[in-house]
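User: I would like to learn how to read packing and local geometry in a model of this kind. Could you take me through the features one at a time, with the general idea before the case?

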Amino acid sequence: MPRVISGSARGTHLVAPRGDQTRPTGDKVKEALFSILAPRLPSQGFLDLYAGTGQIGLEAASRGVQPVVLVEKAAASLSAIRTNLAKTHLENQVQLLAGDIDAQVRGLVRQGRQFELIFLDPPYRTALADFSRLAPLLGQLLLPSGILILEHESREKPQAFVTNLQLTRSCQYGTAMLSFYRTDQIAGPG
């Protein structure tokens, strides 16, 4: 069962939809992710795509990041996210966008929104293809100093460049891999 590991909602156990439609990020991967991000948690927005249970975005919100935007399509996941928002009391810090990921991303671009951190956790079987398809739009949503993090299966090798996004590091945790991307004009440590 996923849980919030730090911040105002620390220790809150989150609900997850039944079945295998979601694959919540494991605590070990989440702890590693936030250890990497701790020195520079974003002050200018966090976008969590394919939010599932909402746990990554809720972890960021629990640690004080604002605004946090969660995007999810699946009805069971949306229900779980709404329950988790209520359990964590983070409703005022988190915006939930329900619907097709591509359409929601295009809508955020049209609104001129930008984020310092984008977390992308599609189903593993389509992760790299989904990232490649969305990358031109994600590059527009990412602030020049921002970081995009793709969670994918560790057996899949991430591309070094996807449009203007450059891979800066990858970290493996069992079957999960976190690949960090920055815009190519700001290449450096993830």
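Analyst: Let us begin with contact, which means heavy atoms within 4.5 Å. This is a predicted model, in which local features need pLDDT of at least 70 and side-chain atom pairs count only at pLDDT 80 or more, while totals for chains, interfaces and linings use all residues. Residues are numbered from 1 along each chain as its sequence is written, and side-chain values use heavy atoms, with hydrogens and water left out.

User: With that in hand, which residues is Asp130 in contact with, leaving aside its neighbours within four places in sequence?

Analyst: Asp130 is in contact with Tyr50, Pro122 and Pro123 once those neighbours are set aside. Asp130 has its place in helix 5, where helices (H or I, at least four residues) and strands (E, at least two) are DSSP runs numbered from the N terminus.

User: Does Asp130 count as buried or exposed?

Analyst: Buried means under 20% relative accessible area, exposed over 50%, and partly exposed in between, using a 1.4 Å probe and protein chains only. Asp130 counts as buried because its relative accessibility is 9%. Its contact partner Tyr50 is also a buried residue, with a relative accessible area of 15%. Tyr50 is found in the loop between strand 1 and helix 2, and its phi is near 60 degrees, a positive value in a residue other than glycine.

User: Where else is there a positive phi in a residue other than glycine?

Analyst: Thr163 has a phi near 50 degrees and lies in the loop between strand 6 (161–162) and strand 7. At 45% relative accessibility, Thr163 counts as partly exposed. For omega, the case to look at is the cis peptide bond that joins Gln66 and Pro67, where omega is about -15 degrees; Pro67 lies in the loop between helix 2 and strand 2.

User: What angle do helix 1 and helix 2 make where they pack?

Analyst: Axes are lines fitted to C-alpha atoms, for helices over the stretch in contact, and angles run from 0 to 180 degrees between N-to-C directions. Helix 1 (residues 27–37) and helix 2 (residues 55–62) pack at about 40 degrees, with their axes 11 Å apart. Angles under 35 degrees count as roughly parallel, over 145 as roughly antiparallel, 65 to 115 as roughly perpendicular and the rest as oblique, and helix 1 and helix 2 are therefore oblique to each other. Lys30, Leu33 and Phe34 in helix 1 meet Gln55, Ile56, Glu59 and Ala60 in helix 2.

User: Which residues is Lys30 in contact with, leaving aside its neighbours within four places in sequence?

Analyst: On that count, Lys30 is in contact with Arg3, Val4, Ile5, Thr25, Gln55, Ile56 and Glu59. Lys30 is buried, with a relative accessible area of 0%, and the other buried residues of helix 1 include Val29, Ala32 and Ile36.

User: How do the axes of helix 4 and helix 5 cross?

Analyst: The axes of helix 4 and helix 5 come within 9 Å and cross at roughly 30 degrees, and these two helices are therefore roughly parallel to each other. Their contact is made by Ile101, Asp102, Val105, Arg106, Leu108 and Val109 of helix 4 and by Arg133, Leu134, Leu137, Leu138, Gln140 and Leu141 of helix 5.
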